[in-house]
Amino acid sequence: MINIGDAAPEVSLKINGKTMKLSDLRGKNTVLYFYPKDMTSG
């Protein structure tokens, strides 16, 4: 579980064919938002 104030775990994802890591954004204000795939019950 992550609590308020905890460091976020390392996350990487592909955007337009480029891999971006959360650590690449260190020191910048960042919002990471997840949502269920469209048209799913989640």
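Predicted model: local features only at pLDDT ≥ 70, side-chain atom pairs only at ≥ 80, totals over all residues.
**Pocket lining.** I started with the lining of the largest pocket and sorted it by class: five nonpolar, three polar and three charged residues. Which residues line the largest pocket? I listed Ala7, Ala8, Pro9 and Glu10, then Leu22 and Ser23, then Leu25, Arg26, Gly27, Lys28 and Thr30. For the volume of the largest pocket I noted about 220 Å³. A reminder to myself on how such searches work: rolling a probe the size of a water molecule over the atoms shows where empty space is left.

**Whole chain.** The C-alpha trace spans about 35 × 30 × 15 Å along its principal axes. I put the accessible surface of the protein chain at about 4,400 Å², with 55% of it belonging to carbon and sulfur atoms. Then I checked burial: of the 42 residues in the chain, 0% are buried.

**The strand pair.** I went on to strand 1, residues 12-15, and found that it pairs with strand 2 in the antiparallel sense, over four bridges. Strand 2 covers 18-21. Who faces whom? I wrote down Ser12 opposite Lys21 in strand 2, and Lys14 with Thr19 as its bridge partner.

**Asn16.** I stopped at Asn16, which sits in the loop between strand 1 and strand 2. Its phi is near 50 degrees, a positive value in a residue other than glycine. Is Asn16 buried or exposed? I have Asn16 down as exposed, because its relative accessible area is 80% and the cut-off for exposed is over 50%.

**Asp24.** After strand 2 I looked up Asp24, which is found in the segment that follows that strand. Its relative accessible area is 43%, so I logged Asp24 as partly exposed; that class lies between the 20% and 50% limits. I also took the C-alpha to C-alpha distance from Asp24 to Ser12: 9.5 Å in space, for two residues twelve apart in sequence. Ser12 is the residue I had already noted opposite Lys21.

**Val31.** My last stop was Val31, again in the segment after strand 2. Why does Val31 count as exposed? Because its relative accessibility is 78%, and exposed means over 50%.

Key:
Residues numbered from 1 in each chain as written. Heavy atoms only, no water. Helix = DSSP H or I, 4+ residues; strand = E, 2+ residues; numbered from the N terminus. Buried < 20%, exposed > 50% of the residue type's maximum accessible area, 1.4 Å probe, protein only. 1 Å grid on protein atoms, 1.4 Å probe; cavity = no way out; pocket = protein on both sides within 12 Å on 5 of 7 lines; lining within 4 Å. Points joined across faces, edges and corners; volume = space filled by probe spheres on them. Nonpolar A, V, L, I, M, F, W, Y, C, P; charged D, E, K, R; others polar. Pairing = 2+ DSSP bridges. Areas by Shrake-Rupley, 256 points an atom, 1.4 Å probe, with all protein chains shown as cover.
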